[in-house]
Amino acid sequence: EALWDHRRIENLSLSQLGPMLFSATALVSGLNVGPRAGTITMQTKTVTPLPASVKPGVVTGEALWDLLQHAKENKYAIPAVNVVSSCSISSCLEAAAKYGGPMIVQFSRGGGQFIAGKTADNADDAACIAGSVAGALHVRQVAELYGVPVILHTDHCQRSWLPWFDGLMDANEKYFKANGEPLFSSHMLDLSEEPLEENVGTCKEYLQRMAKCNILLEMELGVTGGEEDGVDNTDIDSSRLYTQPEEVWEVYQQLSSVPNGRFTVAAAFGNVHGVYAPGNVDLQPQILHNTQKYISEKLGDGDPKPTCFVFHGGSGSSREDIRYAIEAGTIKMNIDTDTQWAFWDGVREYEAKYHDYLQGQIGNPEGETKPNKKYYDPRMALRSGEEAMAKRLCEAAEDLNCIDVLNWSK
């Protein structure tokens, strides 16, 4: 998922930022995880009606929580894709309309800066904030046209990047005051490299602020391996790739005490960012099952899956591992590496197909004086990228059991 580098936002109105369009590319207790319970099959289930609160367009607050509960109850997960332009946003929305399910459009710190422009003044994360806000406003303007629920989210934010997070919260509070809901649906804090007490303490502090304008918090426990857009965990101790149930329970207790606080947990179970050859990543989704059981027994309220889990580093994972994680209450999976490749591959295929028409403004196999404008129009190659990315997302939705889940309430 993408990432990079506030106060300048307060000098810009949301209406000024909105029209910005952007053209070029967006452990389980011990490690005894136990045997897996049979083969996971989900394709023939009947999807219950969506809660009446869930409508096409951006969902926030109670509607967001209702949608996540619907996903958990119906055993599907929502794809979450880091976007860096209007092209990648369009790919996400196009795919969601095709596969008939919700979509999570998310911005990273670096993606936000890219949207604002790489040469824009980024003092105090101004460009990172402005680009993320502009992207969110663009999504709000067009999402309803696709007829699907859309969650607006931001990705990893470590402690040194909190000025970006704070700037986004300022924008949320301004939008909430004017519109009765936040600009974004949710945000992620990733303090997983810090001691548990500091991680949970800071998350709780921010959730108290977020809850006042109905924003959901995603927090991370354990460490997602690999490298991604400014976050490099390639040399991390492998033991930190697996979260303990007791750690999730501590998070659950602390964050549940926040009035109106809603949260999800990105608990590590061997996840790794990027794509790797088969056999190089040891996913243990049984950890999530054991954690749900542990917390359910602690609560004693009969809810077998009290926690909403998030799956990071999902690119390249097997369908079996993905669906077993969904069985354990995973309601969101991040996909970035595979969609980046898909977009590029679409552009590459376009160039290969029309190579001889892209060597000059005039002259091609049809004649020395034939114009090539319709071939080198940037929209042509970018559209090819969009189509390829949307196709890959439809494949991901199949893995996530997220096909035709929009059983709208009558």
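The side chains of Glu-395 and Lys-391 come together in a salt bridge, with 3.1 Å from N to O; the term covers a side-chain nitrogen of Lys or Arg within 4 Å of a carboxyl oxygen of Asp or Glu. The structure is a predicted model, in which local features need pLDDT of at least 70 and side-chain atom pairs count only at pLDDT 80 or more, while totals for chains, interfaces and linings use all residues. Residues are numbered from 1 along each chain as its sequence is written, and side-chain values use heavy atoms, with hydrogens and water left out.

Glu-395 and Lys-391 are separated by about one helical turn, because they lie 4 residues apart in helix H13. Helices (H or I, at least four residues) and strands (E, at least two) are DSSP runs numbered from the N terminus. Glu-395 is partly exposed, with a relative accessible area of 38%, whereas Lys-391 counts as exposed at 55% relative accessibility. Salt bridges with shared partners also join Glu-94, Lys-98, Arg-383, Glu-386 and Glu-387 into one network. For these classes, buried means under 20% relative accessible area, exposed over 50%, and partly exposed in between (1.4 Å probe, protein chains only).

By the rule above, the count of salt bridges comes to 20. Another of them pairs Arg-348 with Asp-345, whose closest N and O atoms are 2.7 Å apart. These two residues sit 3 residues apart in helix H11 (residues 337-353), so about one helical turn separates them. Arg-348 is partly exposed, with a relative accessible area of 35%, while Asp-345 counts as buried at 18% relative accessibility. Arg-109 and Asp-125 form a further salt bridge, with 3.1 Å between the closest N and O atoms. This pair links distant parts of the chain, 16 residues apart: Arg-109 belongs to helix H4 (residues 109-116), and Asp-125 to the loop between H4 and helix H5 (126-142). Both Arg-109 and Asp-125 are buried.

Across the protein chain there are 13 helices and 13 strands. Of its 410 residues, 58% are buried. The chain exposes about 17,200 Å², 50% of which is supplied by carbon and sulfur atoms; accessible areas come from the Shrake-Rupley method with a 1.4 Å probe, and for residues only the protein chains shown count as cover.

Helix H10 (residues 319-327) is largely enclosed by the rest of the structure, because 7 of its 9 residues are buried. The buried residues are Asp-321, Ile-322, Arg-323, Tyr-324, Ala-325, Ile-326 and Glu-327. They pack against helix H9 (286-299), strand S10 (309-311), strand S11 (330-335) and helix H13 (378-399). Just after H10, Gly-329 takes a positive phi of about 95°.

Strand S11 is likewise worth a look. It is largely enclosed by the rest of the structure, since 6 of its 6 residues are buried. Strand S2 (residues 78-82) runs parallel to S11 and is joined to it by 4 bridges, with Ala-80 standing opposite Asn-334 in S11. S10 also runs parallel to S11, through 3 bridges, and here Val-310 stands opposite Lys-332 in S11. Strands are taken to pair if DSSP finds at least two bridges between them.

The loop between H9 and S10 holds Cys-308, which is buried with a relative accessible area of 3%. Leaving aside residues up to four places away in sequence, Cys-308 touches Trp-65, Gln-69, Lys-72, Thr-264, Val-265, Gly-329 and Ile-331, a contact being heavy atoms within 4.5 Å. Gly-329, among these partners, is the residue with the positive phi just after H10. Cys-308 and Leu-68 are 240 residues apart in sequence, yet 7.9 Å apart in space from C-alpha to C-alpha.

The protein chain averages a pLDDT of 87, and 81% of the residues score at least 70; pLDDT is the predictor's confidence in each residue, from 0 to 100. Over residues 1-44 the pLDDT is below 50, and this stretch has 148 contacts in the model beyond near neighbours in sequence. Residues 225-237 also stay under 50 in pLDDT, and the model has 40 contacts for them beyond four places in sequence.
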